[in-house]
Amino acid sequence: MRRVYIIGTGATAVGEHWDRSAASLAIEALNGALGTIPASRLGALYVASALSGSLHAQSQIGVLIATAAGIPGIEVVTVEAGGASGGVALRQAWMAVASGAVDLAAVVGVEKVTDVLDARREAALALATDADWEAIHGVTLTALWALLMRRYMHEYGYTADDFAPFPINAHANAVANPRAMYRFPINADKVRSAPMVSEPLGLLDCSTAADGAAAVIIASEGLARELCANPVRIAGSAVATDTLALHSRPDPLWFNAAAQTTTAALRSAHLAHSDVQVFDLTDPHGIAAALALESSGFAERGTAVALAREGAITPKGRLPLATGGGCKARGDTVGANGVYQIVELVAQLRGQAGAAQVNGARVALAQCMGGIGATVATHILTLD
Amino acid sequence: MDLAKHWRLRHARYRLEGQRNRLTGEVRFPPAPPRPGEAEDVWEPYVLSGRGRVYSFSVVRQPPEGFEDQPPYLVALVRLDEGPMVTAQLTDCDLDQAAIDMPVEMVTRRLRDLGPTGLIVYGYKFRPIVQR
Amino acid sequence: MMKPERPVGIIGYGAYIPRFRIAAREIARIWDGAGGTPVDSKSVPGPDEDTITMSIEAARNALARARITPDRLSAVWVGSESPPYSVKPSGTLVAEALGATPWVSAADWEFACKAGSEALTAAMGMVGSGMAQYVLAIGADTAQGRPGDALEYTAAAGAAALLVGPAAEAVAVIEGTTSYVTDTPDFFRRADTTYPVHGHRFTGEPAYFNTLRSAAERLLHDLGAQPSDFTYAVFHQPNTRFPQTVARQLGFTPQQIAPGLLSPRIGNAYSAAALLGLCAILDVAKPGDRIFVATYGSGAGSDAYALRVTEALPERRERAPLTAAYLARETFVDYAVYAKWRGKLVME
């Protein structure tokens with residue numbers, strides 16, 4: 001396998017882009033990532049989108065974007081893996097370049113959720129659950145996370161207030177991110193007094209589904225040295241799955257796919273858990289980040305919330321999370337989240353993350369999740 | 001119009017019919033096709049008792065399409081006495097009455113109304129046990 | 001009097017009453033109720049309940065008491081004036097939910113408030129002829145009254161299931177039945193309308209009282225029995241007063257009808273009304289007790305039955321929730337919630 005590098009990143013602001021189409025957002029991100037590299041040099045395009053089929057009644061959205069980018073004819077792969085779509089697309093690109101089949105590839109994650117109103121969006125998001133055995137009962141992804149949060153509180157003796165450090169950290173970091181949706185700080189009182197969305201989850205511990213597109217350019221080692229002054233290596237890449245329905249798992253508070261992919265990605269990077277200096281996770285709620293940290297081996301079971309309370313997840317802490325705002329404050333672009341994560345972590349490794357910069361970061365971990373841990377993609381990024 | 005997909009699940013939905021493994025006695029719900037390598041008839045239909053306990057629960061206040069007339073409603077993971085866990089709504093239960101480990105029993109209720117030109121989808125929900 | 005050649009009886013019974021109630025004074029608060037209210041409260045089906053779901057629960061209770069497997073049922077019959085579908089039987093869905101399909105007869109019966117007892121009489125015939133061993137007869141309704149109408153105080157919800165089988169297996173043997181029917185337009189609903197029309201005082205003497213009395217007196221006569229021969233009696237109960245009055249007219253005492261008089265608390269459960277009263281009586285009756293039952297359906301007709309309780313009842317009644325358990329779990333809702341759940345708000 002060849003070494004694989006990220007040589008360019010681009011992203012749109014996350015928010016409500018009423019006047020723009022999915023293709024328009026995707027092209028802005030792709031152009032940003034390409035910089036001076038002509039699109040015609042791309043050997044393949046990987047497009048991640050979780051909701052394009054259900055919300056826009058548009059399959060083959062990858063071809064739509066290739067057409068808009070003026071590169072019809074290119075090999076295109078459209079990836080749908082719920083909230084893990086971006087990470088799964090990145091892995092496809094990584095495999096293509098690592099194998100030698102492709103030298104230069106683009107990964108574009110795009111989500112356009114504001115073209116439909118709330119109930120249809122909730123239904124589309126709930127498509128990531130099991131349609132016959134979960135969604136038919138009216139459960140939403142948010143409700144499933146809330147079930148896990150309640151059980152976690154029951155097992156480990158936490159209160160809902162104990163989860164506040166996650167959204168507080170996300171908002172604090174988003175202030176410095178010009179692409180973030182919510183660039184204002186919040187405090188524990190605000191989190192506590194927010195209206196309930198799905199008990200025990202309140203509004204300020206819930207991400208907002210939003211529009212956005214992010215893109216990264218993936219290159220072989222030779223091309224990376226030719227085209228880029230500061231490439232970032234994808235040192236580890238793994239995707240794994242769990243049962244589609246949460247209720248089918250022996251221990252719902254344990255994300256086996258997160259555990260497996262983290263171990264596999266670190267092993268192929270020849271790194272240990274303790275080497276990772278900055279994280280970007282699927283963190284629409286504090287409970288999601290907590291369970292991901294624990295299942296991935298970065299916190300003992302039942303301790304991630306306590307670690308967050310002690311400040312471990314801030315840019316100055318041991319497990320810095322959501323340095324660009326995460327799903328909560330950057331905005332939840334669902335299938336594009338996995339690509340936004342890479343854009344954010346590349347900035348961290350290049351020392352370009354501004355106020356949320358983790359000092360001396362050389363190893364980063366991106367992990368995105370489809371459904372409730374049904375698909376997990378984990379990537380390790382390093383500086384050579 | 002969704003007809004076949006609801007029709008073929010009627011036994012599981014209406015009466016909580018899962019499967020039991022003829023060889024090991026393992027009970028599973030929901031029913032599923034035999035896995036690769038398993039004999040076609042190794043899983044036989046098996047109606048679960050409908051008794052269980054709440055593993056966890058929440059309230060849906062921002063409903064998906066098709067459930068707009070229902071909120072707020074309780075949803076739960078229920079650990080059935082036979083072992084499997086299911087996702088379902090709690091019914092006949094006040095929002096402040098639900099609790100982890102609360103004993104519940106299955107009832108067959110309306111899950112969704114697909115509108116004047118569609119089906120009424122019936123299926124299992126769970127409620128606090130009515131005293132014998 | 002009609003009775004089958006082979007003696008039959010009820011081998012299992014099951015009640016169901018939704019947990020929600022609305023107080024009559026709450027309805028009177030919205031509509032001018034200065035004239036007093038016909039009941040104290042009535043049952044209200046929850047938003048996920050209908051005739052089918054209530055039938056299923058009552059039927060499960062009946063099967064649990066009888067302890068027979070559902071595949072032994074020869075028929076599942078649902079009597080109701082409020083089926084969820086205009087075309088598509090309730091009985092098939094109930095039979096599927098019970099596990100009685102596919103080798104079973106299923107059908108829906110319709111006769112205003114006595115649709116359930118029509119199914120019961122037919123079940124007697126089917127089992128009594130030897131054509132079937134076990135038949136499930138269900139009366140269930142989620143009745144609707146026009147907002148502000150007198151009917152709104154009473155139109156309630158409930159279900160009762162009676163499992164008919166050979167007398168040797170019965171908790172109560174059915175001694176005989178009469179059925180009295182005339183074309184009497186006291187109450188009706190035209191196709192494609194939401195709410196029924198009723199004939200006010202015309203629903204009283206020429207309809208309910210005359211019809212029910214006729215069926216009851218004929219049965220008493222044919223049995224050579226007196227009201228005092230019965231421990232309990234239950235009559236169709238569209239309100240509190242009608243069953244009290246007809247009992248008095250026939251010579252039954254307030255004590256005889258008290259255990260089965262549920263209408264003050266749950267209103268008129270239509271096809272389930274008298275049968276739920278019978279369930280409540282079976283919950284307390286002792287072996288040897290005789291029970292007199294007379295249903296009524298507008299249009300109009302009455303079925304009267306005489307039952308004798310057997311030694312099997314006391315043990316079997318404990319196998320499912322008593323009617324009292326359903327009566328006890330009452331949660332009152334206000335008129336706004338009631339209007340929302342019962343489809344009385346214009347949504348589109």
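Colleague: Which residues of H7(A) are buried?

Modeller: The buried ones are A:Pro165, A:Phe166, A:Pro167, A:Asn169, A:Ala170, A:His171, A:Asn173 and A:Ala174. Buried means under 20% relative accessible area, exposed over 50%, partly exposed in between (1.4 Å probe, protein chains only). This is a predicted model, where local features need pLDDT of at least 70, side-chain atom pairs need 80 or more, and totals for chains, interfaces and linings use all residues. Residues are numbered from 1 along each chain as written, chains are lettered from A and ligands numbered from 1 in written order, and side-chain values use heavy atoms, without hydrogens or water.

Colleague: What covers the buried residues of H7(A)?

Modeller: Helices (H or I, at least four residues) and strands (E, at least two) are DSSP runs, numbered from the N terminus. The cover on H7(A) includes H8 (188–193), H11 (286–295), H12 (304–309) and H13 (326–330) of chain A.

Colleague: How many residues does each chain bring to the contact?

Modeller: Contact means heavy atoms within 4.5 Å. Chain B brings 37 residues and chain A 29.

Colleague: What is the area buried between chain B and chain A?

Modeller: Buried area is the accessible area (1.4 Å probe) that two parts lose on being put together, summed over both. Here that's about 3000 Å², 61% of it from carbon and sulfur atoms. B:Tyr55, B:Gln62 and B:Thr87 supply 20% of chain B's part, more than any other three residues.

Colleague: How many salt bridges are there between the chains?

Modeller: A salt bridge puts a side-chain nitrogen of Lys or Arg within 4 Å of a carboxyl oxygen of Asp or Glu. The count is 2, and B:Lys5 with A:Asp132 makes a salt bridge at 3.7 Å, N to O.
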